[in-house]
Amino acid sequence: MKNSLLFFVALHCLPVGLLATSAEAPALRQLGYLTTEQSHPVTSDLSRVMRGGDDGIVKGLQLLHEVDQGVVAGFDHFVTSFYDQMRTTLLRTRAAGGKCYLVGSGSSGRVAIDLAAKDPTKTVVDVMAGGDSALIRARQGFEDSATDGASTINALGFSKKDMVVLISASGSAMFNVGAGKAARAAGATVYYFCNSAAVPKETQVLFDVDGVTPVTVDIGPQAITGSTRLQAATLALLCLGVVCLDQDPVALRKQLLAGNKIIADNVNAIAAVVAAETAVFSAPDANFRQVQDKTERGYVTFVTTQQYARAVVIDTVETPPTFSTNPPVRLSE
């Protein structure tokens, strides 16, 4: 097979999210004022930089890595401002026999699925708009349905002993609005993790009227304009991971800094991989999105162990990938 890339991955026993099965026709909404939808000044000219000569990819990667440093600052803010309260609520929930439900759409739903799968206590449950099929292939529309959010929550039979964390980088998911209202009506404690200080009026009502607690960690625009994933998804996985998975925030921060240094020290090697990917994906007869290799060009195969299969699926379903840098599993990563 010529001009192809081989990554090692095996899809095996992936957990699936609870789902809503219908979607309303979304109303046109103007969301450009949200932090996550704006252009980042560091990477606003990223495409031109990446194409700028022999060292363009290296320079572009360095700009992306510069934006990634905001994740560390955001994690620090979360730990000092929200960690203790949310962790206390989770421990109280477990002691009462309740569960912690993580609710999200798209990349936020994938964060929920990943965290729930890693929870050894089995008290963390993922609820993803669109369910298991939305994990494998991005599906539009479900996040825009407040009705689906409410019906999904009502079907779970919530009570005041349960805890809910709504996740949306922009804070604009209508699925979360419906889910939050229904969960609060059942007496559950509800938090909303988002990355924009400004939120749509429907979400603000959750805070002002329905008693949902905002957990706002605004680190500025995403590295790629209009993408409500990347840095936001990495930050959600880190912040909610220390709450739900009994991780030590100090130790995790150390791993994050060590991983960032490894990336910075190996940016030239990473650029070589990006260059190879560019050659494959931009080939005139590339068919890397096909189920089968039809032209022997641009076909991508993933092979891995069960331990990493879920992470690879999550990070390759959307374009661009879900995370900016995957939070390290081991210090050596």
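Which strands does helix α3 lie across? Helix α3 (residues 107-118) lies across β2, β3 and β4 (163-167), running at about 155° to β3. Contact here means heavy atoms within 4.5 Å. Axes are lines fitted to C-alpha atoms, for helices over the stretch in contact, and angles run from 0 to 180 degrees between N-to-C directions. Helices (H or I, at least four residues) and strands (E, at least two) are DSSP runs, numbered from the N terminus.

A word on what you're looking at: this is a predicted model, where local features need pLDDT of at least 70 and side-chain atom pairs count only at pLDDT 80 or more, while totals for chains, interfaces and linings use all residues. Residues are numbered from 1 along each chain as its sequence is written, and side-chain values use heavy atoms, with hydrogens and water left out.

Now for the sheet under discussion. Five strands make up an open sheet in the order β3-β2-β4-β5-β6, and the pairing is parallel. At the edges sit β3 (124-128) and β6 (213-216), each of which pairs on one side only. On average, neighbouring strands are turned by 20° against each other, direction ignored. Two strands count as paired if DSSP finds at least two bridges between them. Strand β2 (residues 100-104) and β3 have five bridges in the parallel sense. Look for L102, whose bridge partner in β3 is D126. In general, strands of a sheet pair through backbone hydrogen bonds, either parallel or antiparallel.

On to the charged side chains. The structure holds 11 salt bridges, a salt bridge being a side-chain nitrogen of Lys or Arg within 4 Å of a carboxyl oxygen of Asp or Glu. One of them joins R87 and D246, at 2.3 Å from N to O. That pair ties together distant parts of the chain: R87 belongs to helix α2 (residues 56-95), D246 to the loop between α8 (231-244) and α9 (249-265), and they are 159 residues apart.

How much of each side of that pair is accessible? Buried means under 20% relative accessible area, exposed over 50%, and partly exposed in between (1.4 Å probe, protein chains only). R87 counts as buried because its relative accessibility is 15%, whereas D246, at 42%, is partly exposed.

Another salt bridge pairs E202 with K201, their closest N and O atoms being 3.5 Å apart. E202 is partly exposed at 23%, while K201 is exposed at 64%. Elsewhere, salt bridges that share partners join R87, R94, D119 and D246 into one network.
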